Amino acid sequence: MTASWRFSTLADRHRALGSKLEDWSGMGTAWSYDKDADEEYTAIRTKAGLMDVSGLKKVHITGPHASHLIDLCTTRDVEKIYPGKSVYACMLNEAGKFTDDCVIYRISTNSWMVVHGSGTGHEELTRASIGRDVSVRFDDNLHDLSLQGPTAVDYLAKHVPGIRDLNYFHHMQTQLFGLPVMISRTGYTGERGYEIFCRGQDAGTIWDRILAEGKADGIIPCRFTTLDMLRVESYLLFYPYDNSQKYPFENEGPGDTLWELGLDFTVSPGKTGFRGAEEHYRLKGKERFKIFGVLLDGTKPADEGAPIYRNGKKVGVVTCAMYSPLVKKSMGIARLDVDCAVVGTELEIRNASGSVKATAQALPFDDPKKLKRTAKG
């Protein structure tokens, strides 16, 4: 059985750009193109780039008990989510440990969509649906094209009335080039951006036309892994690449708390009754590590998985790193011992090519007040 069992209708377009369609979450995904990733990173930070993120799993949840199901499985108070609104949320197991993150979209009163990555979100929703008046359906025809960057809104405004008025974490049902789409003001870049949910049979038309019309304005196709550069700057975690599933603890099984990951903000204030809630609250103050930033000397990025030392003792590991050609800094996301996750702590990162001095830095590196992604007009 092949690793990839899901297929983007844009596969041939990715191959033409040099991709070998490496597997992610069961879908052949454009991890690489035959060009410099710095060009794509710069386009998204200064103009706009278009990515195929259809490997995300889209799950429709409908019926009278739909909101109850999502309330049980996620950390958010779903009654505060109105039709047209979306929210970022996490899922936990009974031990209060992170299993997946997702974006919850309320489509109408009893109709929702949950979009998640390579964790167990779909399976958890399906298990919890047993005995409830609810339908849970995985939709792989629905494709997700992500147009991200400061000029994305300028391009879409030529075709979509009202797009400038769409607020952060809101979505609209509309048409693009005469085709039915849902456009969401979300993304994974730290920039103002939009996700265009469309039918598989329409994805090619939308992809081609955006790139053809947007070329003069600097809109270019971008590989999936350009997100690694962007997410480091913007403090966007990527399961399991920042988690103990990849960097296991010495004396216990995998499973990180939201307090350790810095994702405790995804729990709606005062919410109880969701899976793992009691353990989540009990584990506050018992962090074994902290997700934190590291700023390296020089221009070379840290190796993925490079160990971090302080005074000769191993105190962490770099999970993802990059060098920014725009701000001329080398930075990374790290799992650090709690006492080292303090701004200014002097560290040593041991790359395969040699050691590099670094300091602990708060995340995100870029736009900490989220002014870019929440901009209006």
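Predicted model: local features only at pLDDT ≥ 70, side-chain atom pairs only at ≥ 80, totals over all residues.
I looked up Ser-268 first: it is buried, at 7% relative accessible area (buried is under 20%, exposed over 50%, partly exposed in between, with a 1.4 Å probe and protein chains only). Numbering starts from 1 along each chain as its sequence is written, and side-chain values use heavy atoms, with hydrogens and water left out.

Ser-268 sits in the loop between helix H8 (258-261) and helix H9 (277-282); helices (H or I, at least four residues) and strands (E, at least two) are DSSP runs numbered from the N terminus. Setting aside neighbours within four places in sequence, I find Ser-268 in contact with Thr-75, Arg-76, Asp-77 and Tyr-281 (heavy atoms within 4.5 Å).

Next, the barrel. I traced six strands closing in the order S14-S17-S16-S15-S18-S19, with antiparallel pairing (a pair needs at least two DSSP bridges). I checked S16 (residues 313-324) against S17 (residues 329-336): they pair antiparallel over eight bridges. Met-322 has Met-331 in S17 as its bridge partner.

Last, helix H3 (residues 66-73). I list its buried residues as Ala-66, Ser-67, Leu-69, Ile-70 and Cys-73. They lie on the same side of H3, because they cover an arc of only 160 degrees around the axis (taken from the directions from the helix axis to the C-beta atoms). Their cover includes strand S4 (57-62), strand S5 (86-92) and helix H4 (121-128).
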